[in-house]
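Visitor: Hi, I'm new to this one. Could you walk me through a few spots?
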Amino acid sequence: MHGVATLGFVSVLPPLIAIVLAFWTRDTILSLGIACVIGVFLAGEGLLGFPNLMKQALGNEGFSWIFLLEIFIGILIAFFQRTGAIQSFSEIIGRRQRSRKRIEISTWFMGLFVFFSDYFSPVFVGTTMRKVTDKVKMSREKLAYICDSTSAPVSVIVPITGWAVFISGLLIGLGPIQNETDALAVFTKSIPFNFYAVLSVVLVGLIASGIIKDFGPMRKAELRAQQEGKLIRDGSTPLISKELTNIDPYFKNKLLSIIWNFFLPVLIIITIALGTYIGLGSAKTMEAFLAATVFLGIIMRFQGIPTKDIMDTALNGIKGIMPAVMILVFAYTINALSEQMGTATYLIQITEAWLNPGLLPAITFLLAAVIAFSTGTSWGTFGIMIPLAVPLAIGFSGGEIDMIVLSTIAAVAGGGVFGDHCSPLSDTTILASTGAAVDHIDHVRTQIPYAVLVGIIGLVIYLTLGLLGL
């Protein structure tokens, strides 16, 4: 496909079609596929445009990384279930915390604890807590919301995560920010201004503790689960297939060690992810999952589970994760299409005329949210918005790192997460649906009112700071 500056309003149509169709048909994979095909024809690429686009979008290290990560996550979840580790862990938590409220709060705390990876957090928390939350008739939509809203929002306000490194890296060379040390210091100072991320985490805690009652579609989902015992909606399609949810422990009358089969693999993931972050400056999450998967596979064999059964379980894990992989395939494809059609450039062009110092953080927050919603990627949004918005803010501040600059950086970070939370195209949102084993669109529909509430509060705070002259 040829490089295009921007195709104007036409460039917004493919992601718009994907999102409208996803909510209308409740079939994300079909909706994304149709939107990609329509987008290719709108770009004038003809019949071969679609396969060429897919080859370009998927034939890169970025997609290979998340594809392999998803595969290893699927295998590890399958291994956890085949060894009985998930059941044992769930029973331990279930025995100690019987009340629904305490289980919701425990799920929230677990999401806060697993801050080092927004990819690991929603799958780990969803998978480990699912059997416990099912027992107290908590809807899968509620579980997915807690998983989702304690993953990216936490990762973006902790200065020792991959998110912090990525955003800091984008800041280097802008105005007075000369090196990694300066960039990380500026990012850390901007964290208190990331109102969306901070308030998202707080809202989950308030809802989990019952201080704020559920509302909107989530309230209906919770009433359905409690009154009818239906943890998912009739006719829904959970984003994790029966191959992964119906795996029984290999030994029916024997409880295997939860330390060897659960805690050690998790410790391997945490040690490698944090160790590589500290040592190499980049958390090797995929490699961490690979190591944990290989380790647990060997441990399973030593415990008497046949090699053929281990391989069959691994294949079931891969099959079970395929619905999420297929959505990511098309999400990456439509993101590549949006980039080539100039979607982000168009959105920026139509808002440039409004910008002034007081409005900059609020407009930046909204624009970042729209781009993230349309593309389903926070990091892609950061890559687009920081090089555009932060130099503007530094220009307005006369080359100083003041509150307008810090607010603008935080607005990009928070706006990206806000758009992600509302988008059915988002990889972290897909992973939250996977971990909770819930219909993806049901998760998005029930989460949006909560995300919008926090988004409006964040926007009002940015506007107020702007009116007060920052």
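Guide: Here is a short chat about some residues and rings in this structure.

Guide: This is a predicted model, where local features need pLDDT of at least 70, side-chain atom pairs count only at pLDDT 80 or more, and totals for chains, interfaces and linings use all residues. Residues are numbered from 1 along each chain as its sequence is written, and side-chain values use heavy atoms, with hydrogens and water left out.

Visitor: Okay, where is Ala183?

Guide: Ala183 sits in helix H11, residues 180–190. Helices here are DSSP runs of H or I with at least four residues, numbered from the N terminus.

Visitor: Is Ala183 buried or exposed?

Guide: Ala183 is buried, with a relative accessible area of 0%. Buried means under 20% relative accessible area, exposed means over 50%, and partly exposed is in between, using a 1.4 Å probe and protein chains only.

Visitor: What is Ala183 in contact with, leaving aside neighbours within four places in sequence?

Guide: With those set aside, Ala183 is in contact with Ser168, Leu171, Ile172 and Ile177. Contact means heavy atoms within 4.5 Å.

Visitor: Switching topic, how many aromatic pairs are there?

Guide: The structure holds 13 aromatic pairs. Rings of Phe, Tyr and Trp (its six-membered ring) pair if their centres lie within 6.5 Å; planes under 30 degrees apart count as stacked, over 60 as edge-to-face and the rest as tilted. One of the pairs is Phe80 with Phe262, which is tilted, at 5.1 Å centre to centre and 45° between the planes.

Visitor: Which helices do Phe80 and Phe262 lie in?

Guide: Phe80 lies in helix H4 (residues 61–82) and Phe262 in helix H15 (residues 258–280), so the pair ties together parts that are 182 residues apart in sequence. Both Phe80 and Phe262 are buried.

Visitor: Last one: where is Ile34?

Guide: Ile34 is in helix H2, residues 28–42, and counts as partly exposed at 33% relative accessibility.

Notes. Helices (H or I, at least four residues) and strands (E, at least two) are DSSP runs, numbered from the N terminus.
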